[in-house]
Amino acid sequence: MSENRVMRINRPNIWSRTRRQLLHQCPRAWILKYGFKRANRTFNRNLQRISDWSSPYRMMQRAVRSIVIQRLEAHKHGIAWIEQDLASKIRNMILGKRFRQNRTLELIEKRIGKSSQLKFRIPNSEINRLIEIACLRYHSIIKNPIISKILNDEILQWHSFSRLDYTKLNGNILHISPDIIWKNGTNWNLMRFSVQGSGKQISIENMAMLHWAVTKRGLPSNPKRFTIHELNWSRGKWNWKTKKGDERLERDSINLIKMDLKAMEDLHRKLGPASDLSQIPLARNEKFCKTCGHRDTCPGGEDLTRANLEQSALEMFKSSNLRN
Ligand code: SF4
């Protein structure tokens, strides 16, 4: 089965931080994950499953995020939370994902007719190590002053939001909601947490929460009435960054999103009606190929340097043919 069989493609009008990261890490992986319409449901479901491939470490990171959200939701709805079950909850999340991925692996191997490069056994000791890391991160975030005030009912006016919550901008769908918001006097705080992060400043992508907030019914429409908070796990601890909102920050973040949407449109155009993947740039770094579900069928998955050279040679040949 070839990706080129899918002729209909999606207009790229959805923006989220995850999509942005993938777009910048590997345009081809982004196209394969988000570029195709549901013209052939089985094909696209399979493409989606392959695109969703994650490393065990990434599975652990997702488990941490989900368990923190579950903890907050349990508190909100008065559901009993048994702290001793934490490790088994995380284990089930990782093994559940691993089990589903094994089915994806069978699909890939059927497709390529040989053993996949993605096939490897995760020893129990590695699973235990990941669970230990996840528990450490969970216990550490629970001590954050805001999270602990929420869990101790010292902050009463707070809400959590799904990352699927969206707002619209010129017909585009933006997934830019915060994870939690809370009120402080007449002002509001918007917090996002991320299981991996870097940098000393709040990322410009997270500033886009301001746009979500000012367009959300029931919240103030003045960006100055909000404070942005970012909690990122980096160098063995949760780093907490805050910044007062204003119009300029909101505008800058929206401009960044518009630039990304434009880059997505350009890429989409490059793919063309024949869904020609040979024109789409490959990963910036081979480390992305190591955990990419497409590595068995993508030239970059075999040898990224050679694949990039071949692609530029092909582009040069095409452009010289166009000039002649
Ligand atoms: S194998 Fe590498 S180049 Fe190919 S789609 Fe995956 S990340 Fe991109």
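The model I am reading is a predicted one.

**Entry 1: the S6 and S7 pair.** I then looked up how these two strands run. S6 and S7 are parallel, and seven bridges join them. I also checked how covered S6 is. Six of the eight residues of S6 are buried, which leaves the strand mostly covered.

**Entry 2: confidence.** Before going on, I checked how far the model can be read. The average pLDDT of the chain is 90, and 92% of the residues score at least 70.

**Entry 3: the five-stranded sheet.** In what order do the strands of the open five-stranded sheet stand? I read the order as S2-S5-S6-S7-S8, and the pairing is mixed. Why is one side of S2 and of S8 left without a neighbour in the sheet? Strand S2 (158-160) and strand S8 (237-244) are at the edges and have a single partner strand each, so one side of each has no neighbour there. From one strand to the next, the twist averages 20°.

**Entry 4: S5 and its partners.** I followed strand S5 (residues 180-184) to both sides. With S2, S5 pairs in the antiparallel sense over three bridges. On that side, His159 has Ile181 of S5 as its bridge partner. With S6, S5 also runs antiparallel, and five bridges join the two. Here Ile180 stands opposite Met191 in S6. I noted that S5 and S6 form a hairpin, with two residues between the strands. Gly185, in the turn, has a positive phi of about 65°.

**Entry 5: H6 on the sheet.** Which helix packs on this sheet, touching S6, S7 and S8? I found helix H6 (residues 124-142) there, touching strand S6 (187-194), strand S7 (226-234) and S8. The direction of H6 makes about 40° with that of S8.

**Entry 6: H4 against H6.** I looked up a helix partner of H6. Helix H4 (residues 56-76) packs with H6 at an angle of about 35°, and their axes are 9 Å apart. The crossing in which H4 passes H6 is right-handed. On the H4 side I listed Pro56, Tyr57, Met60, Ala63, Val64, Ile67 and Val68. On the H6 side I listed Glu126, Leu130, Ile133, Ala134, Arg137, Tyr138 and Ile141. Sorted by class, the contact of H4 with H6 has twelve nonpolar residues, two charged ones and no polar ones.

**Entry 7: the three-stranded sheet.** I turned to another open sheet, of three strands in the order S1-S4-S3, also with mixed pairing. Strand S1 (14-16) and strand S3 (167-169) stand at its edges; each has a single partner strand, so one side of each lacks a neighbour in the sheet. The twist here averages 30° from one strand to the next. S1 pairs with strand S4 (residues 172-175) in the parallel sense over three bridges. Ile14 has Ile173 in S4 as its bridge partner.

**Entry 8: H10.** What lies across S1, S3 and S4? I found helix H10 (residues 247-271) there, running at about 125° to S1.

Technical notes: Residues numbered from 1 in each chain as written. Predicted model: local features only at pLDDT ≥ 70, side-chain atom pairs only at ≥ 80, totals over all residues. pLDDT = per-residue confidence, 0-100. Pairing = 2+ DSSP bridges. Helix = DSSP H or I, 4+ residues; strand = E, 2+ residues; numbered from the N terminus. Axes fitted to C-alpha atoms, helices over the stretch in contact; angles between N-to-C directions. Contact = placed C-beta atoms within 7 Å. Left-handed = near helix turned anticlockwise from the far one by under 90°. Nonpolar A, V, L, I, M, F, W, Y, C, P; charged D, E, K, R; others polar. Buried ≥ 20, exposed ≤ 12 C-beta atoms within 10 Å, placed from the backbone.
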